[in-house]
Amino acid sequence: MRIVTLCIPFLVSACVASEPARAPRRSNVAVNVEQIEDQAREAASGSRPRKEHRALEALTGSWKTTVVTVGADNDEGDPRPGSARIESTLGGRYLKWDATLDLSGETHATTGFLGFDVNQGEYQLLMISDLATGMGVARGRGDLQAKGVRFVIEIADPESGALRRAISVLRVVNPDRFELEQVGADPDGRERVVRRTHYERVKK
């Protein structure tokens, strides 16, 4: 996409620039258009969905969600209901992820995209919410159907400038259920799940 965008100014220049009369020759406009078309075909071919994209299909559909806190003994509490709709878009390259969460009598919304970057060899997740103002891309590797995909996003502390890491794990439990877990740390520094969102498929 970046290549196509960079070509547009040259295409415009070719359209408006005047030239002295000369023998008929192949138009610069035609050459530029062909280059754009070739680059677009090459980009489309190189971005065809692969097995990692197809693995994401397990997440598509309508879901009932429950967000719970998780104690040190893995006990769950303080459940909060919500819903989600996840759909494939742009030829299976990405998932569009829309979700709601009910808190204190108000419904809050989240939307985002999940995909697999072939060049980087990693899953990438971007979420925005009406409970926040920032945007960041979480990056992860793993197998959705096994131990899950472990996402990491680094956030700079506005006061100290130090980087803080937020970790989450996305895992398919069965065809009708998956989980998104937020990982924190105990006082002794050991990692553990502190929050979990259960997704249960809404069947027609």
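I began at T65, where a polar atom of the side chain lies 3.2 Å from the backbone nitrogen of S83, a polar contact being a pair of N or O atoms within 3.5 Å, where within protein one must be able to donate a hydrogen and the other to accept it, and residues adjacent in sequence count only if both atoms are side-chain atoms. I noted that the model is predicted, so that local features need pLDDT of at least 70 and side-chain atom pairs count only at pLDDT 80 or more, while totals for chains, interfaces and linings use all residues. Residues are numbered from 1 along each chain as its sequence is written, and side-chain values use heavy atoms, with hydrogens and water left out.

I placed T65 in strand β1, residues 61-70 (strands are DSSP E runs of at least two residues, numbered from the N terminus). T65 counts as buried because its relative accessibility is 4%, the limit for buried being under 20% with a 1.4 Å probe and protein chains only. Beyond four places in sequence, I found T65 in contact with residues including R80, T100 and H198 (heavy atoms within 4.5 Å).

I then followed the strands and found that 10 of them close into a barrel, running in order from β1 to β10 with antiparallel pairing (at least two DSSP bridges between two strands). The twist from one strand to the next averages 25° (between N-to-C directions of lines fitted to C-alpha atoms, on a scale from 0 to 180 degrees). For β3 and β4, I found 10 bridges, and Y94 has G115 of β4 as its bridge partner.

Lastly I looked up W97, which touches L59, L114 and F178, among others, when residues up to four places away are not counted.

How values were computed
Helix = DSSP H or I, 4+ residues; strand = E, 2+ residues; numbered from the N terminus. Buried < 20%, exposed > 50% of the residue type's maximum accessible area, 1.4 Å probe, protein only.
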